[in-house]
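The sequence and structure are shown first.

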Amino acid sequence: MEVMALDRAGRLLAAVDRDGPTCIWCGRTLTGLVTPTTEHVVPRVKGGPSWLENEVAACRRCNSARGHTGPVEWLEECERRGWRPDEERLHRVLTSLVEAIAREGGRRRARPYLDAQLRRLRRRRPESARGTGRAGRSVAG
């Protein structure tokens, strides 16, 4: 089954299956009153496609509050609010989108925006955080 052929509801289910049933931005579990929505990591107004590689599950509150704010800027705002954004998931999705664009072509407008977001995300991540999980602390110390 071709991933790009999924409708919005199908992409939301696939994103939840891929990433787990939590909001990427606040970390709340997407059940009951916390309704999951499809969140475009690279906003459509910035050239982001409606592909699974550019979509994650987010709660309605976070999706609405983010608007067209850049993903790394919103990640930092979520941290300021005391929420638990999933930086590793964001990095994984942005990297996957780069690969999908390279494979599928097009999306000329999204490429510089995506590159800038990945650079900004890399600057946030201390070297010890790469591959050690969310806390960013090395066990070997």
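Contact here means heavy atoms within 4.5 Å. The model is predicted: local features need pLDDT of at least 70, side-chain atom pairs count only at pLDDT 80 or more, and totals for chains, interfaces and linings use all residues. Residues are numbered from 1 along each chain as its sequence is written, and side-chain values use heavy atoms, with hydrogens and water left out.

**Cysteines**

A disulfide is a covalent bond between the sulfur atoms of two cysteines. With a disulfide taken as a pair of cysteine sulfur atoms within 2.5 Å, the count is zero.

| Cysteine | Closest cysteine sulfur | Distance | Relative accessible area |
|---|---|---|---|
| C23 | C62 | 3.7 Å | 1% |
| C62 | C59 | 3.4 Å | 0% |

The sulfur of C23 is too far from that of C62 for a bond, and the sulfur of C62 is likewise too far from that of C59. Both C23 and C62 are buried. Beyond its neighbours within four places in sequence, C23 touches R28, L30, A57, A58, C59, C62 and R89.

**Nonpolar core**

A nonpolar core is a set of buried Ala, Val, Leu, Ile, Met, Phe, Trp, Tyr and Cys residues joined through side-chain atoms within 4.5 Å. The largest one has 31 residues, and C23, W25, V42, C59, C62, L90 and L94 have the most contacts inside it. Two or more residues each come from β2 (55–59), α3 (71–80), α4 (87–104) and α5 (110–124); helices (H or I, at least four residues) and strands (E, at least two) are DSSP runs, numbered from the N terminus. The largest share, six residues, belongs to α4.

**Strands β1 and β2**

Two strands pair if DSSP finds at least two bridges between them. Strands β1 and β2 run antiparallel and are joined by five bridges, with T37 opposite A58 in β2. In β1 (residues 36–40) lies T38, which is buried at 6% relative accessibility. Apart from neighbours within four places in sequence, T38 is in contact with R8, L12, E55, V56 and N63.

In a regular strand the side chains alternate between the two faces of the sheet. On one side of β2 are E55, A57 and C59, on the other V56 and A58, and all are buried, so that both faces are covered. Because five of its five residues are buried, β2 is largely enclosed by the rest of the structure.

Conventions. Buried < 20%, exposed > 50% of the residue type's maximum accessible area, 1.4 Å probe, protein only.
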